Amino acid sequence: MKHSEYFNKRHTVRKYTDGQIPETLLKEMIEAAAHAPNTGNMQWYSVVVTRDAANKRRLAPAHFNQPSVEGASAVLTFCLDLNRFEQWCRLNSANPGFENFQSFVAAVIDTSLFAQQFCTIAEMNGLGTCYLGTTTYNAPDIAKVLELPERVVPVTTVTVGYPETQAGPTWRLPVEAVMHEETYRRPTDEDIRRWYAPLEQESQHFVEENAKQSLAQVFTDIRYPRESAEYFSKVYAGLLDANKFPLK
């Protein structure tokens, strides 16, 4: 299969069979994923693997009890981790200066690359994955369950397992919407309407179910309202502050 064909057909999997991922395979995939690009080869990331049923139940509320948490073979919480590197620095008479926003951003990017490389490797091994965007919503609760030390902060969570069913690829914007040549090209209103039309057509039932006038209103008023975003922003910012990552 050509790489382009593979990626064009990939999709998120939220329902899994009872099949368990062999421990050796899981370790091999994580080891391979850790070869993702990262800043200065400092590798500011770690992943906490949760496979025990009781521990998955403890994590579930932090992810608003999404079924994929307890239904997956494993739940992987990818964390930015400066604890390990800074300890190495101090052991070698070096004074780490990474308590700043720039280091936080670098660690988030590196952790995200690590997570995505794992997903690709897992899918190439016949597994299904699902990103949980709820990780930053309730990061303090997740940190408590996973007993994360200072300077280790949850960034994203991936559930992984053997797919219960096969599904087709989900809608994506056309390449002309995301690719800009040489300089950024501002889209016209007609461009926007044309690009988002397929999504609006296939998601009309969400508009009706929520008694809204448009799909855009479902996103802004129901799924991702301003009030919720502002509240969870404060929650995550509080955890970052406690871990000496100033947001400035």
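How exposed is Arg185 in terms of relative accessible area? Arg185 is partly exposed, at 40%, where buried means under 20% relative accessible area, exposed over 50%, and partly exposed in between (1.4 Å probe, protein chains only). The model is predicted, so local features need pLDDT of at least 70 and side-chain atom pairs count only at pLDDT 80 or more, while totals for chains, interfaces and linings use all residues. Residues are numbered from 1 along each chain as its sequence is written, and side-chain values use heavy atoms, with hydrogens and water left out.

The protein chain holds 12 helices and 4 strands; helices (H or I, at least four residues) and strands (E, at least two) are DSSP runs, numbered from the N terminus. With a radius of gyration of 20 Å, close to the 18 Å given by the globule rule for 248 residues, the protein chain is as compact as a globular protein of that length. That radius is taken over C-alpha atoms, and the rule is 2.2 Å times the number of residues to the power 0.38. The C-alpha trace spans about 60 × 45 × 40 Å along its principal axes, and 38% of the 248 residues count as buried. Among contacts (heavy atoms within 4.5 Å) between residues at least 6 apart in sequence, 78% join residues at least 24 apart.

Back at Arg185, the charged groups form a network of salt bridges that links Glu176, Arg185, Asp191 and Arg194. A salt bridge is a side-chain nitrogen of Lys or Arg within 4 Å of a carboxyl oxygen of Asp or Glu. Arg185 bridges to Asp191, with the closest N and O atoms 3.3 Å apart, and Asp191 also meets Arg194 at 2.8 Å, N to O. Asp191 is buried at 9% relative accessible area, whereas Arg194 is partly exposed at 39%. Asp191 and Arg194 are 3 residues apart in helix H9, and therefore separated by about one helical turn.

Helix H9 also carries Trp195, which counts as buried at 6% relative accessibility. Leaving aside neighbours within four places in sequence, Trp195 is in contact with residues including Trp171, Leu173, Glu176 and Arg185. The C-alpha atoms of Trp195 and Val175 are separated by 9.9 Å. Val175 lies in helix H8 (residues 175-178) and is exposed, at 56%.

Elsewhere, the structure has 8 salt bridges in total. One of them joins the side chains of Glu150 and Lys244 (3.6 Å, N to O). Glu150 lies in the loop between helix H7 (139-145) and S4, and Lys244 in the segment after helix H12 (226-242), so the pair ties together parts that are 94 residues apart in sequence.

Among the strands, S3 (residues 128-132) has 4 of its 5 residues buried, so this strand is largely enclosed by the rest of the structure. S3 pairs with strand S4 (residues 152-161) in the antiparallel sense over 5 bridges; two strands pair if DSSP finds at least two bridges between them. Cys130 has Thr159 as its bridge partner in S4.

Most residues other than glycine have a negative phi. Glu182, however, has a positive phi near 70°, and Ala211 one near 55°. Glu182 sits in the loop between H8 and helix H9 (189-202), and Ala211 in the loop between helix H10 (204-209) and helix H11 (215-223).
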